[in-house]
2 protein chains.
Amino acid sequence: MKIESVDFFYLAMPEVTTEADGSQDALVVRVAGGGHVGWGECEAAPLPSIAAFVCPMSHGACRPVSDSVLGETLDGPADILRMSATVAYNSMDLLQAAHTWSGIEMAMWDLLGRARGVPCWKLLGYDAAYPKIPYASVLFGRDPEGTLQRAKDMRSRGFRAAKFGWAPFGQSLAGDVAHLEAAREGLGPDGILLIDAGQIFGEDVDAAALRLDAMERNRVTFFEEPFHGSAYRAYAGLRERVKTVKTAGGEAAHNRHMAEHLIDFGRVGYIQIDCGRIGGLWPAKEVADYAAARGVTYINHTFTSNLALSASMQPFAGLKDHVICEYPTTLKQLAVDMTSSHIVPDANGEIHVPDGPGLGVKINEEALVQYRQDVEIRVAGKLLFPPQSAA
Amino acid sequence: MKIESVDFFYLAMPEVTTEADGSQDALVVRVAGGGHVGWGECEAAPLPSIAAFVCPMSHGACRPVSDSVLGETLDGPADILRMSATVAYNSMDLLQAAHTWSGIEMAMWDLLGRARGVPCWKLLGYDAAYPKIPYASVLFGRDPEGTLQRAKDMRSRGFRAAKFGWAPFGQSLAGDVAHLEAAREGLGPDGILLIDAGQIFGEDVDAAALRLDAMERNRVTFFEEPFHGSAYRAYAGLRERVKTVKTAGGEAAHNRHMAEHLIDFGRVGYIQIDCGRIGGLWPAKEVADYAAARGVTYINHTFTSNLALSASMQPFAGLKDHVICEYPTTLKQLAVDMTSSHIVPDANGEIHVPDGPGLGVKINEEALVQYRQDVEIRVAGKLLFPPQSAA
C-alpha cells in the first residue's frame, strides 16, 4: 500500500499549567493507506512538531519529514525501517524531526498490525507478550504530608509500585529526606518505591549523592534522571557512589544511539524509553535488545494517553524478566478521553498489552474534536497547514 | 537592561534545491534591549525554530523559548549563562529549542559587545584573537573532473586549504578514489586537503575504512562526519583503523555534552562546532577549552553567512594553535547580501575576527526585506507569529 495521508491532531486542556504533567496536551497522528488507518502519538511540543512535518526544505539534509513519508510504500516492517533511515538522513539538520517522526512511526506499526490482524509486538519479532507490574507514576505532593497521602492512595488502589517525581524534589536536602520517608511510609514496607528527580541536579554529582543515604535507607529501587539527559559523565559518577539503588534515565533519547550511550557510558541500571521521542517502536525494540544483552533493565517512559502506553509496552512485551512498567495514574481528562479502550490492572495488579491488532487501542474521535486546537501555518502567503485538501 | 524584543527574519532564495548547501535559507535573529540591538543566526530549519519560540506551553518542562528570554535582565555574560540554563531546563522536552536558542544567544553576545564596545571574544575571556587559515569549504564536483576544477579554482583564489564534501562521495569506492585523486591534483602537493562525507556511511565502519588508503595516499588531513552524528562507537571504530588521517565531527551537537562525548567516546581528532546549533557562543567556548586540554583540535562549522562565520570564530579566536577555520566560499547570494561587511583573506591568505564591537559584522537590512519569507502562525484562532505588536 501507499501512505496516502498523515494527519495531526493537536489537543489541549482548556488550561495548561507549569506542572510537570505531560498529559495536558497531546499530538495525535493518524496515518492512512490501503483502506486502513493507524494511530500514533508524539510525546512532543505539538506546534514545532507539526512545523517539522510541513516546513519548506532548507537544503538536501534539512527537509521536512513529510518528504520522506507521503506517497511511500508500506507493505511490511522493512518499509518502516527504510523510511526511518530516510528521515534520519534527509532531515538530519532538522532537530525536531525525531519527535515528529516518532508518532508517525508508531502509527505505521498500528496500521500494519491492523491490516494484518496481528498485534505490534508480533510484528516486532516477539512470540509472546508477558504481563507487567504497573508502577503508579505520580508527582510528589507539595509537602511530605501530600506525598504520604498520595502514596497511601496508590497503595489503596492496588499498586505494588509507585514512582514520585519532580518538584519539590531537589529544593532542599531536608525536604527531600522527608518526602522519601513519607513515600516509603505511605507505600508500606513491601511497596516498590521509585524516584524521579526530573534533571534537577544538572551535572552536580555531589548534590545528587547527598540524597543516596535516605534513598537506600528507604529502599528506593531506582533514582531516575538526577541529571541532564546528556550528562553521561555525571551519571557514571553517581553510579560509582550508589550501594543498592540503581540509576535510571533515557527518556530524552531521540535516537537509539543516545540510549545505548547512556547504558555504555552513563552505566544506568534501568533504561527508560519514550517511543514518542526516540523515533517510535523499532529503535525502542533495538534498545530493549541492547539492554537485555547487557543486564540493564528496560522500562517504558509514558506520561500521556493509553495509546502511548500501549505503544510503549510493545518494544519490551516479550522480555519476561523486565517486569515493571510506567503507568500514568493522574492523567488529565483529555488523555483519559482520547481512547475509548483503557489498559487497567487485572486482579493480580498486573497490566497486559492489548490483544487487538496493531496497538489494540480504540481512539475516541469525539475527544479529537472536543480538545482540538486548530493550527494554521502560512509561509510566504502559502498555507502549509492544515493541508489544503483538508482545509 | 531588559530584553525588550526578539525578532526573527526567515530568508530564502527564490529556489531551494536538495543540494547540501546550507546557505539557501537563513534564520536571522535580532535581540533588542537598553537602546542596543544584537544579531544572531540559527543554523536550523526556520519554521520549526520560530515555532519553538512562540508555541503554547505543553507543561512545565516543555515551554516555549520565549518564556525564558523576553523581559529577562541582560547586564553581563552571567545573565546569558543563566538564560541558557533556564532554556535547557524549562524547554527540556522541546527538541528544537536548542537550535532556536543558539541564534538568540549569539545575538545577546553581539548586543552585549556593542553595548560595551568590545568584541565578543574578549567577553568570552580571551586576551587576544589570532589569525586563522581559512579552508575553502565546497561541495564535490559532480564528477572527478568537476572536483579537479573546483580544487584548482580554490587554489587560484589563494586558498592553502580546501574541504570537499557530500555527494557523490560515498556512492562508489572507485568514484571516491577518483575524486580524492582529483582534489589532491587540483590543490597541488602542498595544499591542505580535507574531506566531509556528510554521514553517508551511517554506522558502517568497514565502508568508511575502505576509503582510508586513498585518503592517506592523498594526504587528507581530516575525514569529517563519516557517520551519523551520534554514532560514537562507529567513530571510535574508525579511529582504530586510521594511520595518518584524523577523524572529525561534531556539527550536529546541540549541547556541549554531545561534543564532549564525541571527543571522549568517539575519539575524534578535530571537533567541529556550529554555534548556530550548539546553543551559541558559550557552550562552543566550553568545548574549545575541553578540546584544547585533551589535544583535540577545535574548528568552527560554518556553511552560512559571514555573521555566522564571525560568531563561529569567537569561541576559538584566542587558541593560537587551532589554526584552520571553515570558510564558506560558494555562498548563495542571500548569504552574501545579508551582511554589508565581509570577512576576507588578507595578503597572507589568513582571516581575522572582525575587530568591531560584538560580532563586528554589519547587517544589510535591505537583504532582510528582499529575501524575507513572511510567516504566519495561528493556534486556536490566536495569532502567535508575527508578534501582535509587529503585525
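This passage walks through a predicted model, from the pairing of its chains down to single residues.

Chain A can be laid on chain B by a turn of 180° and a shift of 0.0 Å along the axis, with an RMSD of 0.0 Å. This is the relation of a two-fold axis.

At the interface, 52 residues of chain A are in contact with 52 residues of chain B. Several elements of chain A each supply at least two residues of the side that touches chain B: helix 1 (46–54), helix 2 (77–90), helix 3 (97–116), helix 10 (256–264) and strand 12 (375–379). Strand 12 of chain A gives the largest share of that side, with five residues. By class, the side of chain A that touches chain B is made up of 29 nonpolar, 17 polar and six charged residues.

Strand 12 also links the chains through backbone pairing. Strand 12 of chain A and strand 12 of chain B (residues 375–379) pair in the antiparallel sense, over five bridges. Within this pairing, A:V375 stands opposite B:V379.

The buried residues run from proline to valine: A:P46, A:L47, A:P48, A:S49, A:I50, A:A51, A:A52, A:F53 and A:V54.

Within chain A, the domain assignment gives domain 1 (5–118 + 365–385) and domain 2 (123–337). The C-alpha centres of these two domains of chain A lie 26 Å apart. Their contact takes 31 residues from domain 1 and 28 residues from domain 2. On the side of domain 1 that touches domain 2, strand 3 (36–42), helix 2 and helix 3 of chain A each supply at least two residues. Helix 3 of chain A provides the largest share of that side, ten residues. The residues on this side of domain 1 divide into 18 nonpolar, nine polar and four charged.

Strand 1 (residues 5–12) and strand 2 (residues 25–33) of chain A run antiparallel and are joined by eight bridges. Strand 2 in turn runs antiparallel to strand 3 of chain A, with seven bridges between them. A:L27 takes part in both pairings: A:L27 is the bridge partner of A:Y10, and A:C42 in strand 3 is the bridge partner of A:L27. Strand 2 and strand 3 of chain A form a hairpin with two residues between them, and A:G34 in the turn has a positive phi of about 60°. Strand 2 of chain A is mostly covered, with eight of its nine residues buried.

A parallel arrangement is found around strand 4 (residues 133–139) of chain A. Five bridges join strand 4 to strand 11 (residues 324–328) of chain A, and these strands run parallel. Strand 4 and strand 5 (residues 161–165) of chain A also run parallel, joined by five bridges. In strand 11, A:P328 is the bridge partner of A:S137, while in strand 5 A:G165 is the bridge partner of A:L139. Strand 4 of chain A is mostly covered, as six of its seven residues are buried.

In soluble globular proteins, nonpolar side chains tend to be buried together. Here the largest nonpolar core has 280 residues, and those with the most contacts inside it are A:A162, A:I271, B:A162 and B:I271. Beyond its neighbours within four places in sequence, B:A162 is in contact with B:Y135, B:A136, B:V138, B:A151, B:M154, B:L187, B:G191, B:L193 and B:L194.

Finally, A:C275 is found in the loop between strand 9 (270–273) and helix 11 (281–292) of chain A. A:C275 is buried, with 32 other C-beta atoms within 10 Å. Leaving aside neighbours within four places in sequence, A:C275 has contacts that include A:S102, A:M106, A:A284 and A:P315. A:H301 is 26 residues from A:C275 in sequence and 7.8 Å from A:C275 in space, C-alpha to C-alpha.

Conventions: Residues are numbered from 1 along each chain as its sequence is written. Chains are lettered from A and ligands numbered from 1 in the order in which they are written. This is a predicted model: local features need pLDDT of at least 70, side-chain atom pairs count only at pLDDT 80 or more; totals for chains, interfaces and linings use all residues. Two residues are in contact if their C-beta atoms, placed from the backbone, lie within 7 Å. Helices (H or I, at least four residues) and strands (E, at least two) are DSSP runs, numbered from the N terminus. Ala, Val, Leu, Ile, Met, Phe, Trp, Tyr, Cys and Pro count as nonpolar, Asp, Glu, Lys and Arg as charged, and the others, Gly among them, as polar. Two strands pair if DSSP finds at least two bridges between them. A nonpolar core is a set of buried Ala, Val, Leu, Ile, Met, Phe, Trp, Tyr and Cys residues joined through C-beta atoms within 7 Å. A residue is buried if 20 or more other C-beta atoms lie within 10 Å of its own, exposed if 12 or fewer, and partly exposed in between; C-beta atoms are placed from the backbone. Domain bounds come from an automatic or database domain assignment. Copies are superposed by least squares on the C-alpha atoms of residues with pLDDT of at least 70 in both.
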